[in-house]
Amino acid sequence: MIDLKTNYAGLALRNPIIVGSSGLTNNAEKVKEFEKAGAGAVVLKSLFEE
């Protein structure tokens, strides 16, 4: 299998596929599904209001 490891913003990722922040990332179960599907990272909504 091809090694897709990469670094992004100082983080070591197993692959460059990043799930962007959306309504789907509001649920912890969905985030776990993204991990099982092979996502390298998931972007969550900010907890702080600017």
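Buried means under 20% relative accessible area, exposed means over 50%, and partly exposed lies in between (1.4 Å probe, protein chains only). This is a predicted model, where local features need pLDDT of at least 70, side-chain atom pairs count only at pLDDT 80 or more, and totals for chains, interfaces and linings use all residues. Residues are numbered from 1 along each chain as its sequence is written, and side-chain values use heavy atoms, leaving out hydrogens and water.

**Exercise 1.** Find the salt bridge and classify its two residues.

*Solution.*
- Recall the term: a side-chain nitrogen of Lys or Arg lies within 4 Å of a carboxyl oxygen of Asp or Glu.
- The structure holds one such bridge. The side chains of E29 and K32 form it, at 3.8 Å from N to O.
- Both residues lie in helix 1, three residues apart, about one turn of the helix. Helices are DSSP runs of H or I with at least four residues, strands are runs of E with at least two, and numbering starts from the N terminus.
- E29 has 47% relative accessibility, so E29 is partly exposed.
- K32 has 45%, so K32 is partly exposed.

**Exercise 2.** Is T25 buried or exposed, and what does T25 touch?

*Solution.*
- Locate T25: the loop between strand 3 (18–19) and helix 1 (28–37).
- T25 has a relative accessible area of 6%, so T25 is buried.
- Contact means heavy atoms within 4.5 Å. Not counting residues up to four places away in sequence, T25 touches V19, G20, V31, F34, V42, V43 and L44.
- The T25 side chain also reaches the backbone oxygen of S22, at 2.8 Å.

How values were computed:
Polar contact = N/O pair within 3.5 Å; in protein donor to acceptor, adjacent residues only side chain to side chain.
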